[in-house]
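Here is a short briefing for a reader who is new to this structure. Please look over the sequence and the model first, then read on by topic.

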Amino acid sequence: MVDYILVGLGLAGIAFCEKLEAHKKSYIVFDAGKEASSSVAGGLYNPVILKRFTPAWNAADQIKRIDPFYRNLESKLGVKLDYKQPVYRIFHSVEEQNLWFEALDKPQLEPFLSQKIHPNKNKVVVAPFGFGEVLHSGRIDTATLLEKYRDYLLKQDKLIENSFEHHKLQVSDALEYGSIKAKQIVFAEGFGLKHNPFFKNLPLVGNKGELLTIRAPELKLVTIVKSSIFIIPLGKDLYRVGATYNWKDKSVTTTKEAKEELLLKLDKIMKCSYEVVVQDAGIRPTVADRKPLVGRHPVYEE
């Protein structure tokens, strides 16, 4: 008997494990390690939606929680996860500079936007009108986090590396799944929730994103650069470039079309040689209002 069965070990699943441990609850996790969007994510956290100059949902509260949460994980797992890096938003015109200063007048945005326009000093980046700097931003090394957290759970016999078969779950006074009994079950399956018979009717849309990892020795970026795409420095001349948005294709197969789209946009803002090291794809578990889906099942509420 455990307090919780948890299905899914992406970023949401890890956050829930941490909450369970903080409250001294017992649990077992099911995750086959396949097709998790968290594993291929750029890992960028940014309190401002730069396309519209609007704050992300609950931005101030979420930014406040990042430091203690990831400091604790870094100490627990013995790895570096949180890389503080400002986001430099490329200005393509004087009009875009003016929009930036208009956004600064909004109380919700003022803490996150620098009042200084940074001139472009990088000879291979195309930014004749300079950059606006987003504060309190950075990158989480999601691949390392997922790998090390899986190892952590395996050492404690808390991870079952198999897909969860929903039809085998027996719901009565206690939950039963094979030989495991639990008081509660939580599904943190990302877009996989669409195949969950208990929650398949939730308004989960799903959005395919593809990213590239490139090697560009001449680029020498230390900040994250954002235009129609982002470029995230990873170290050792490697950069993450993304991302595409495809609302129709729900496969995790990489495509030639997405690669061409990313490279076309990259070549408009970067003028140096590079090589594509790898291309990744994942399905974002998106919803129309950009807010998380959290709650109890309407029938099995207890």
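**Strands and sheets**

Strand 7 and strand 16 (residues 224–226) run parallel and are joined by 3 bridges. Two strands count as paired if DSSP finds at least two bridges between them. Helices (H or I, at least four residues) and strands (E, at least two) are DSSP runs, numbered from the N terminus. This is a predicted model: local features need pLDDT of at least 70, side-chain atom pairs count only at pLDDT 80 or more, and totals for chains, interfaces and linings use all residues. Residues are numbered from 1 along each chain as its sequence is written, and side-chain values use heavy atoms, with hydrogens and water left out.

**Strand 7 and its partners**

- Tyr 88 has Val 225 of strand 16 as its bridge partner.
- Strand 7 also pairs with strand 9, in the antiparallel sense, over 4 bridges.
- There, Arg 89 stands opposite Gly 132 of strand 9.
- Val 87 and Arg 89 point one way from strand 7, Tyr 88 and Ile 90 point the other way, and all are buried.
- Buried means under 20% relative accessible area, exposed means over 50%, and partly exposed lies in between (1.4 Å probe, protein chains only).
- In a regular strand, side chains alternate between the two faces of the sheet.

- An open sheet is formed by 3 strands in the order 3-10-6, with antiparallel pairing.
- Strand 3 (44–45) and strand 6 (82–84) stand at the edges with a single partner strand each, so one side of each has no neighbour in the sheet.
- Strand 3 and strand 10 (residues 138–140) run antiparallel and are joined by 2 bridges.
- Tyr 45 has Gly 138 of strand 10 as its bridge partner.

**Helix 4**

- Helix 4 (residues 94–104) has these buried residues: Glu 96, Gln 97, Trp 100, Ala 103 and Leu 104.
- They lie on the same side of helix 4, because they cover an arc of only 115 degrees around the axis.
- The arc is that of the directions from the helix axis to the C-beta atoms.
- The buried residues of helix 4 pack against strand 7 (87–90), strand 8 (113–118) and strand 9 (131–134).
- Contact here means heavy atoms within 4.5 Å.
- Exposed Glu 95 and Glu 102 sit on the face of helix 4 turned away from its buried side.

**Salt bridges**

- A salt bridge is a side-chain nitrogen of Lys or Arg within 4 Å of a carboxyl oxygen of Asp or Glu.
- The count by this rule is 19 salt bridges.
- Glu 275 forms a salt bridge with Arg 215, with the closest N and O atoms 3.0 Å apart.
- This pair links distant parts of the chain: Glu 275 is in strand 19 and Arg 215 in strand 15 (residues 207–215), 60 residues apart.
- Glu 275 is partly exposed, at a relative accessible area of 42%, and Arg 215 is partly exposed at 32%.
- Glu 261 forms a salt bridge with Lys 265, with the closest N and O atoms 3.2 Å apart.
- Both Glu 261 and Lys 265 lie in helix 6 (residues 256–269), 4 residues apart, about one turn of the helix.
- Lys 168 and Glu 165 meet through their side chains in a salt bridge (3.1 Å, N to O).
- A network of salt bridges links Glu 18, Glu 21, Lys 76 and Lys 158.

**A nonpolar surface patch**

- Val 171, Val 299 and Tyr 300 form a nonpolar patch on the surface, with about 280 Å² of accessible area together.
- Patches are made of residues with over 30% relative accessible area and no salt bridge; like charges are joined within 9 Å, nonpolar side chains (Val, Leu, Ile, Met, Phe, Trp, Tyr) within 5 Å.
- Accessible areas come from the Shrake-Rupley method with a 1.4 Å probe; for residues, only the protein chains shown count as cover.
- Tyr 300 lies in the segment after strand 19 (275–284).
- Tyr 300 is partly exposed, with a relative accessible area of 42%.

**Backbone details**

- Gly 242 and Ala 243 are joined by a cis peptide bond, with omega about -5 degrees.
- Ala 243 lies in the loop between strand 18 (238–242) and helix 6.
- Lys 220 is a residue other than glycine with a positive phi, near 55 degrees.
- Lys 220 is in the loop between strand 15 and strand 16, and Lys 220 is exposed at a relative accessible area of 57%.
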